[in-house]
Amino acid sequence: MEAIVLAGGFGTRLAHVVSDVPKPMAPVCNRPFLRFILDDLQAKGIERVVLAVGYKQEVIRDYFGAHYRGMQIVYSSEDTPLFTGGAIKKALQSCSAERVFVVNGDTFFDVDLHAMQRESAPLVVAVKRMKKFSRYGTVQIEDGRIQAFREKQPCDEGLINGGIYLVNRTILEDYPKDKFSFENEILETKTAEIEMAAVESEGYFIDIGIPEDYAAAQETMKERAPINKAAFFDRDGTINVDIHYLYRPEDLKFIAGMPEFIRKWNDWGYKVIVVTNQAGIARGYYGEKEMRALHRYMNERLAEYGAHIDAFYYCPHHPEITGPCHCRKPEPGMIEDAIREFDLDPAQCILFGDKPWDVEAGEKCGIKSEMIENKENEDASKTKRE
Ligand SMILES: [Zn+2]
């Protein structure tokens, strides 16, 4: 699943509170607001994010880089303001999916992305029921289909646009302009032409563009910013039988007892994080897309045991092909990234691997690290594929 996050906001209404960073980077609970959005998307299965950036984009690029929580991060940059519609249209050039989620970078809304995917309309809007408000416009719905977007006015009860959409790419690709407002020219103007479905969610919603909401977020988002503990796992030879350069789902075979073992760490409240050297990518045996599909499949299979992996960190390099890197184990880069991105306390973490370099990488980060030995790897290595 791919998502575009609109992170080019100027932050005009917040200017007196936050002036030196783009609005999505405004601090909430001592971290950039955008992190809450990306953390939420990652936890819901988004694997690739295109950040549509503009104003002070270097602040965002420096912070997130090319990977975050195992998601690939791509930047779509606007040199002159393209407005929301133009920014989405341009960002779509960096997406491969037919339907892409679009998320406002200055609102947070906890919605069920899968429920949105189940709608077949070319444009799906996440909406939230609010009471006694005047600062949002409302959405008028009949039989699940959006009839109109109404302007801001005092309202006793109504549905508001939560700023999360699932968009069929052709809607924007075929639009004749490159600079336009998605809200004004698509949502508000085309309800008669384009079928727009609404998915209502009762999840937490906040718009930090509103100074009172921004102030409130410092309290209300605290519980979404905990210090975590994690159980790290190597992948090949630790979770699954090592067949060398595994990438085809049909070749996945769990080592006996591992799904149940992972489930225990899930149940104990640990994040379960995979850190895996994937030199097969550098060697051109498979791409990141195939690898992500395998990881998705792995989680589907683990679900049969009530287990899940929270994130997959991978090193796509090989020193002889791509030069030295800081992520290939025994280097600690992937674990360091996970510690920072998941706010982990290394003293409360543990790592399991089947190779000395797994243990070495973990210990470099101050994490208790253990070797797991298993017979299935020995059996598999006798018949390994080259
Ligand atoms: Zn690497």
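What is the geometry of the site of the zinc ion, given the angles among its 4 donor atoms? In this predicted model, for which local features need pLDDT of at least 70, side-chain atom pairs count only at pLDDT 80 or more, and totals for chains, interfaces and linings use all residues. Residues are numbered from 1 along each chain as its sequence is written, and side-chain values use heavy atoms, with hydrogens and water left out.

The site of the zinc ion is tetrahedral, with angles of 104 to 117° among its 4 donor atoms; four donors count as tetrahedral if all angles lie between 85 and 135 degrees. The protein donors are C315 (SG), H317 (ND1), C325 (SG) and C327 (SG), which lie 2.0 to 2.3 Å from the zinc ion, where donors are N, O and S atoms within 2.8 Å of the metal (3.2 Å for Na, K and Ca), and water is not among the atoms, so sites may look incomplete. Along the sequence, these donor residues follow the spacing C-x1-H-x7-C-x1-C. The structure holds 0 disulfides, a disulfide being a pair of cysteine sulfur atoms within 2.5 Å. C29 is buried, with a relative accessible area of 15%.

Empty space in the structure was examined next. Rolling a probe the size of a water molecule over the atoms shows where empty space is left. On a 1 Å grid over the protein atoms alone, a cavity is a set of points where a 1.4 Å probe fits but cannot get out, a pocket is an open set with protein on both sides within 12 Å along at least five of seven lines, and lining residues have an atom within 4 Å of a point. Grid points are joined across faces, edges and corners, and a volume is the space filled by probe spheres set on the points. A search of the whole structure finds 1 cavity of 30 Å³ or more, and about 40 Å³ of space lies in the largest cavity. The lining of the largest cavity is made up of I37, D40, L41, V103, T107, F108, F109 and I164, which by class gives 6 nonpolar, 1 polar and 1 charged residues; here Ala, Val, Leu, Ile, Met, Phe, Trp, Tyr, Cys and Pro count as nonpolar, Asp, Glu, Lys and Arg as charged, and the others, Gly among them, as polar.

Helices (H or I, at least four residues) and strands (E, at least two) are DSSP runs, numbered from the N terminus. Helix 1 (33–43) and strand 8 (107–109) each supply at least two residues of the lining of the largest cavity. Helix 1 is mostly covered, since 10 of its 11 residues are buried, among them F33, R35, D39 and Q42. G45, which follows helix 1, has a positive phi, near 100°.

The second largest pocket holds about 880 Å³ of space. Of the 38 residues that line this pocket, the closest to its centre are Q42, A43, K44, G45 and D310. At least two lining residues come from each of helix 1, helix 4 (113–117), helix 10 (288–303) and strand 17 (311–315), and helix 10 gives the most, with 7 residues. The lining of the second largest pocket divides into 15 nonpolar, 9 polar and 14 charged residues.

Several backbone features were also noted. Most residues other than glycine have a negative phi, and most peptide bonds are trans. R69, in the loop between strand 5 (67–68) and strand 6 (71–77), has a positive phi near 50°, and R69 counts as buried because its relative accessibility is 8%. F83, which lies in helix 3 (residues 83–92), has a positive phi of about 65° although it is not a glycine. A cis peptide bond, with omega about 15°, joins K329 and P330, and P330 is found in the loop between helix 11 (319–322) and helix 12 (333–341).

Methods:
Four donors count as tetrahedral if all angles lie between 85 and 135 degrees; four count as square planar and six as octahedral if opposite donors are over 155 degrees apart and all others between 65 and 115; anything else is irregular. Buried means under 20% relative accessible area, exposed over 50%, partly exposed in between (1.4 Å probe, protein chains only).
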